Structures are given as structure tokens and as C-alpha cells.
Amino acid sequence: MNVGEHCKRGVVSIAADNDVVEAAKVMRQHHVGFLVVHEPGDELRKPIGVVTDRDLVLAVMAREVDPHAVTVRDVMTLQPLMASESDDLGDVLAAMRLAGVRRVPVVDARGALTGILAIDDAIQLITSLMCDLSGSIKSEQRQERQTRVGL
């Protein structure tokens, strides 16, 4: 399974030169707590960082900093773990575990932002696969019982 098959499309992103108030507004508007950061004017939205709602709280609110004086670039995580659409899902999940992150921007061969892979999505996928496996076992057990009854 590759990442491109299972990542969410339609990622919300923001330019690095926006202030953190704009970042908070974008998060609220789209009901997300994670934004991929790109350079201003970059139509491919190549990720240069990520910013979370937690970053905003810890770097701005908790320090009582004027949020209009702080840019996304000032608080973003630089060089975030990223995945290519062609990367193996298991490898990326292992890298996420080691890095201690719950979300990873996904890029295409040009480096353009195409999606995001979240632990929540992986759990949903794994749960679905487990249900399929369980269903196969139950089906086999039913067939075995029917065969025994028919003898």
C-alpha cells in the first residue's frame, strides 16, 4: 500500500509570511489544527514547515506575545517529516512513530503538496482491514459448520 492511495486530499495550507492571527482564522474556518506552510506565491505549495494550534498557544498565547507581530514562519516547525505519494504506508507510519508526529504532508514527484496522512486515517484503514479479516474468518467458520451439519 502506498501513501498516495490513503492520504487525504484538499490540504489546508498557509504562506509563511502570514501572521499567526491569520493562521488561527484559517484553522477555525476549516476546522483543522494543522496547517502546511509554504513560501508566499508558491503555486505548488511545496511544504517548508508545519504549524499546529498547539504551536500558536505555546509560542504566542502562553508568552503573551502580540499575535499580529508574529509570522507563521516564526512559529512553524521547519523541515517536517514528509511523505511522497509513492512511499510505502508502513514505512511512513514507522517514521511517524519514531518522529512522534501525528500528521505528515504528502507531496508528488515535483515536491508539490498533494495530501496529508494522519494517524487517524491510518487507524481507520487498519480497522477496516481488520474487519475484513475478521469477516473472512467468520465466513470460513460458517462454511465449516455447514459442511459438518451436511455430513
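Which residue does the side chain of Arg-110 meet in a salt bridge? The partner is Asp-108, with N and O 3.1 Å apart; a salt bridge is taken here as a side-chain nitrogen of Lys or Arg within 4 Å of a carboxyl oxygen of Asp or Glu. The structure is a predicted model, in which local features need pLDDT of at least 70 and side-chain atom pairs count only at pLDDT 80 or more, whereas totals for chains, interfaces and linings use all residues. Residues are numbered from 1 along each chain as its sequence is written, and side-chain values use heavy atoms, with hydrogens and water left out.

Relative accessible area, computed with a 1.4 Å probe on protein chains only, is divided into buried (under 20%), exposed (over 50%) and partly exposed (in between). Asp-108 is buried at 16%, while Arg-110 is exposed at 53%. Asp-108 belongs to the loop between E6 and E7; helices (H or I, at least four residues) and strands (E, at least two) are DSSP runs numbered from the N terminus. The Asp-108 side chain also reaches the backbone nitrogen of Arg-110 at 2.9 Å. This is a polar contact, defined as a pair of N or O atoms within 3.5 Å; within protein, one atom must be able to donate a hydrogen and the other to accept it, and residues adjacent in sequence count only if both atoms are side-chain atoms. When neighbours within four places in sequence are set aside, Asp-108 is in contact with Glu-85 and Thr-114, contact meaning heavy atoms within 4.5 Å.

Under the stated rule, the salt bridges number four. One of them joins the side chains of Arg-9 and Glu-85, at an N to O distance of 2.7 Å. This pair links distant parts of the chain, 76 residues apart: Arg-9 is in the loop between helix H1 (3–6) and strand E1 (13–15), and Glu-85 is in the loop between strand E5 (83–84) and helix H5 (89–99). Arg-9 is partly exposed, with a relative accessible area of 45%, and Glu-85 is likewise partly exposed, at 23%.

Another salt bridge is formed by Arg-73 and Glu-39, whose closest N and O atoms are 2.9 Å apart. Arg-73 is placed in helix H4 (residues 72–75) and Glu-39 in the loop between strand E2 (34–38) and strand E3 (47–52), so this bridge ties together parts that are 34 residues apart in sequence. Arg-73 is partly exposed at 37%, as is Glu-39 at 33%.

An open sheet is formed by three strands in the order E5-E6-E7, with mixed pairing; two strands pair if DSSP finds at least two bridges between them. E5 and strand E7 (113–118) are the edge strands, each having a single partner, so one side of each is left without a neighbour in the sheet. E5 runs parallel to strand E6 (residues 103–107) and is joined to it by two bridges. In E6, Val-107 is the bridge partner of Ser-84. Helix H5 packs on this sheet and touches E5, E6 and E7, its direction making about 65° with that of E7. Axes are lines fitted to C-alpha atoms, for helices over the stretch in contact, and angles run from 0 to 180 degrees between N-to-C directions.

Within H5, the buried residues are Leu-89, Val-92, Leu-93 and Met-96. Viewed down the helix axis, these residues fall within an arc of 100°, so they line one face of H5; the arc is that of the directions from the helix axis to the C-beta atoms. An α-helix has 3.6 residues a turn, so residues three or four places apart point the same way. The face of H5 turned away from the buried side carries the exposed residues Asp-91 and Leu-98. At the N-terminal end, H5 is capped by Asp-88, a side-chain oxygen of which lies 3.0 Å from the backbone nitrogen of Gly-90. Gly-100, with a positive phi near 70°, follows H5.

Positive phi values also occur in residues other than glycine. Arg-45 has a phi near 55° and is located in the loop between E2 and E3, where Arg-45 is partly exposed at 26%. For Gln-79, phi is about 45°. Gln-79 is in the loop between strand E4 (77–78) and E5, and is exposed at 75% relative accessibility.
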